[in-house]
Amino acid sequence: MFVLELTYTAPLEAVDAVIPAHVTWLDEQYAAGVFLASGRKVPRDGGVILAAGEDREEIERLTATDPFVAAGVCAYRITEFLATKTAPALAAYRQRLPS
């Protein structure tokens with residue numbers, strides 16, 4: 001499991017200009033079953049995405065395809081963690097500690 005933290009690197013006007021393409025990209029990742037939740041940070045200086053995945057390199061490649069990255073308006077910080085406990089609705093994403 002991964003927490004993807006976006007930090008805006010450009011003025012909000014530049015970010016807002018890319019939002020339609022970014023939302024389309026988000027929708028594609030939700031449809032593919034990769035993204036579980038996402039939204040703006042408060043205050044609005046970036047966003048957060050909760051992503052399911054087994055491979056950090058795959059997630060890194062995926063974030064590089066975000067239109068925000070292509071437009072140079074955000075930077076990603078990727079944090080990998082083992083989701084060993086979840087709400088019942090996320091039970092399918094529970095992970096086991098390596099033995």
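What is the volume of the largest pocket? In this predicted model, numbered from 1 along each chain as its sequence is written, the largest pocket has a volume of about 190 Å³.

A pocket is here an open set of points on a 1 Å grid over the protein atoms alone, with a 1.4 Å probe fitting at each point and protein on both sides within 12 Å along at least five of seven lines; lining residues have an atom within 4 Å of a point. Grid points are joined across faces, edges and corners, and the volume is the space filled by probe spheres set on the points. The lining of the largest pocket comprises 15 residues, and Tyr8, His22, Leu26, Gly39 and Arg40 lie nearest the centre. At least two lining residues come from each of β1, α1, β2 and β3. Helices (H or I, at least four residues) and strands (E, at least two) are DSSP runs, numbered from the N terminus.

The sheet is open and consists of 4 strands in the order β2-β3-β1-β4, with antiparallel pairing; two strands count as paired if DSSP finds at least two bridges between them. The edge strands, β2 and β4 (74-80), each pair on one side only. From one strand to the next, the twist averages 15°. Strands β1 (residues 2-8) and β3 (residues 46-51) run antiparallel and are joined by 6 bridges. Within β3, Ala51 stands opposite Phe2, and Val48 stands opposite Glu5. Val48 is also the bridge partner of Gly39. Strands β2 and β3 are antiparallel and share 5 bridges, and a hairpin of 5 residues connects them.

Helix α1 lies across β1, β2, β3 and β4 and runs at about 165° to β2. Axes are lines fitted to C-alpha atoms, for helices over the stretch in contact, and angles run from 0 to 180 degrees between N-to-C directions. Helix α2 (residues 56-63) also packs on the sheet, where α2 touches β1, β2, β3 and β4 and makes about 165° with the direction of β4. Contact denotes heavy atoms within 4.5 Å.

The whole structure holds 3 aromatic pairs. Rings of Phe, Tyr and Trp (its six-membered ring) pair if their centres lie within 6.5 Å, and planes under 30 degrees apart count as stacked, over 60 as edge-to-face and the rest as tilted. The ring centres of Trp25 and Phe35 are 5.4 Å apart with planes at 70°, so this pair is edge-to-face. Trp25 belongs to helix α1 (residues 12-31) and Phe35 to strand β2 (residues 35-40), 10 residues apart, and the pair thus links distant parts of the chain. Tyr30 and Phe35 also pair edge-to-face, at 6.0 Å centre to centre and 85° between the planes. Trp25, Tyr30 and Phe35 form one aromatic cluster.

Burial is expressed as relative accessible area (1.4 Å probe, protein chains only), with buried under 20%, exposed over 50% and partly exposed in between. Trp25 is buried at 4% and Phe35 at 3%, whereas Tyr30 is partly exposed at 31%. Gln29, in helix α1, is buried at 9%. Apart from neighbours within four places in sequence, Gln29 is in contact with Val34, Phe35 and Leu62.

Technical notes:
Predicted model: local features only at pLDDT ≥ 70, side-chain atom pairs only at ≥ 80, totals over all residues. Heavy atoms only, no water.
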